[in-house]
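Welcome, and thank you for taking a look at this model with us.

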Amino acid sequence: MKILVTGGSGFIGSNFVRHVLATHPDHAVVNLDKLTYAGNPENLRDVESDRRYRFVHGDICDAAAVRDAMAGADAVVHFAAESHVDKSNLGADEFLRTNVSGTFTLLDTARELKVGRFVQVSTDEVYGSIARGAAREADLLNPSNPYAASKAAGDLFARSYWTTHGLPVIITRSSNNFGPYQYPEKATPLFITNAIEDRPLPLYGDGRNVRDWLYVLDNCEAIDLVLHRGRDGEIYNIGGGTEVENAELTRRILRLLGKPESLIQPVRDRPGHDRRYALDSSRIHDLGWTPRHSFDAALEATVAWYRTHEAWWRPLKSGQFKAYYARQYSNR
Ligand code: NAD
Ligand code: TDX
């Protein structure tokens, strides 16, 4: 199978490309990535020499580049996105461009080239905050922040290409991923790396917001399963089944690193901060997936990875990131 992966140089995409090459000897991957601040060639340095892997530097909004990269592909797995909620709150132009217009360009090209499967990688955020129970795939979309709104719009275009044009689209909606190669703007890698540096861990609001944490390798296995065995036109929630309050996550990270809780710094809340995400994942369980990693073991492995990969994240926390961090947290 020849797969076009978009956004393969980011966090989940790079883990997915590595997973596919390691587990499917007969698969080839083309990775189309614009290399924004979140895309990093270092994430896939170890597979660069694999003859089944090809990197294409390009923008998913560029129809000609998309057509070239997609030519001959049996399937598309679409990760490329602007993915950070706080960044979308500061300005959402790029979110609209990439997550909506870029998704449309990919769908339209896949229709033209008659691609056999299109996996739209989406998020639990499209359901909005869930006070009680768990979101199911047929629930109404109720996004709160501009990032989530742009992902919901992408999902609706994807659905419409299945319903109207018969493009074999599948949507995955996963909960919060954590693991190796996550850009340190997101809570888990930000907190781990700040703690290693003995810097404060900025905890939003009362710290009681709940996220359902999913180890990135478990998500890659779920996406792989959906890609090969999912049903056309279906949506699959992928939840880790581990609901944890942010304050608890923060304390666990500090404990794993042997750092004091005094590093926790309560800061002003994120505007529109969803209180809780929760997914009903029975549909993908019925397909045969369940997370293989326990939250405790996966968090420990993740902390260990950032400890042993300072050369990966230290350069990311300088330059452009420093300016973002100063802007994001200075007035909180
Ligand atoms: P990321 O920010 O780490 O990576 C995004 C990648 O997309 C980068 O390599 C970037 O260079 C690339 N990209 C951005 N704009 C592009 C464009 N216009 N053209 C080509 N490439 C472009 O993101 P991530 O955390 O790996 O998320 C991957 C996908 O999974 C996203 O669609 C996101 O919405 C979804 N998702 C993420 C999580 C999570 O917890 N991280 C949870 C659920 C869903
Ligand atoms: O500095 C911080 N302090 C803090 O308390 C940051 C960056 C976050 N938080 C809180 C906000 C959230 O409740 O931690 C929680 C997790 O925050 P993020 O890592 O920014 O993730 P979230 O906003 O939940 O969105 C993530 O999961 C869904 C991904 O970034 C999205 O791409 C995905 O769709």
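The domain assignment divides the chain into domain 1 (2–177 + 214–238) and domain 2 (180–211 + 242–325); such bounds come from an automatic or database domain assignment. This is a predicted model, in which local features need pLDDT of at least 70, side-chain atom pairs count only at pLDDT 80 or more, and totals for chains, interfaces and linings use all residues. Residues are numbered from 1 along each chain as its sequence is written, chains are lettered from A and ligands numbered from 1 in the order in which they are written, and side-chain values use heavy atoms, with hydrogens and water left out.

The C-alpha centres of domain 1 and domain 2 are 22 Å apart. Across the boundary, 52 residues of domain 1 are in contact with 34 residues of domain 2, where contact means heavy atoms within 4.5 Å.

Where does the largest pocket lie? Both domain 1 and domain 2 give residues to its lining, so the largest pocket lies between them. Pockets and cavities are found on a 1 Å grid over the protein atoms alone: a cavity is a set of points where a 1.4 Å probe fits but cannot get out, a pocket is an open set with protein on both sides within 12 Å along at least five of seven lines, and lining residues have an atom within 4 Å of a point. Grid points are joined across faces, edges and corners, and a volume is the space filled by probe spheres set on the points.

The largest pocket holds about 260 Å³ of space. Of its 13 lining residues, Lys87, Leu90, Gln320, Tyr324 and Arg327 lie nearest the centre. Helix 3 (85–90), helix 4 (93–112) and helix 12 (320–329) each supply at least two lining residues, and helix 12 gives the most, with five. Helices (H or I, at least four residues) and strands (E, at least two) are DSSP runs, numbered from the N terminus.

The table sets out the two linings by class, with Ala, Val, Leu, Ile, Met, Phe, Trp, Tyr, Cys and Pro counted as nonpolar, Asp, Glu, Lys and Arg as charged, and the others, Gly among them, as polar.

| Space | Residues in the lining, by class |
|---|---|
| Largest pocket | seven nonpolar, two polar, four charged residues |
| Second largest cavity | seven nonpolar, four polar, one charged residues |

**Nonpolar cores**

A nonpolar core is a set of buried Ala, Val, Leu, Ile, Met, Phe, Trp, Tyr and Cys residues joined through side-chain atoms within 4.5 Å. The largest one has 35 residues, and Phe178, Ile192, Leu249, Ile253, Leu257, Phe295 and Trp312 touch the most other members. Among the elements giving two or more residues to this core are helix 6 (187–196), helix 8 (246–257) and helix 10 (295–308). Helix 10 gives the most, with six residues. Leaving out residues up to four places away in sequence, Ile192 touches Ile253, Leu257, Thr302, Val303 and Tyr306. Another core, of 31 residues, lies apart from the largest one and has Phe11, Leu44, Val121 and Ala222 among its members.

**A few residues to look at**

Ser122 lies in strand 5 (residues 117–123) and counts as buried because its relative accessibility is 5%; buried means under 20% relative accessible area, exposed over 50%, and partly exposed in between (1.4 Å probe, protein chains only). Not counting residues up to four places away in sequence, Ser122 touches Lys151, Asp155, Ile171, Thr172, Arg173 and Ser174.

Thr105 sits in helix 4 and is likewise buried, at 10% relative accessibility. With residues up to four places away in sequence left out, Thr105 touches Ile60, Cys61, Asp62, Ala63 and Val66.

Tyr181, in the loop between strand 7 (176–178) and helix 6, has a positive phi of about 70° although it is not a glycine. Asp198, in the loop between helix 6 and strand 8, has a positive phi near 55° and is not a glycine either. Buried or partly exposed: which describes Asp198? With a relative accessible area of 48%, Asp198 is partly exposed, whereas Tyr181, at 15% relative accessibility, counts as buried.
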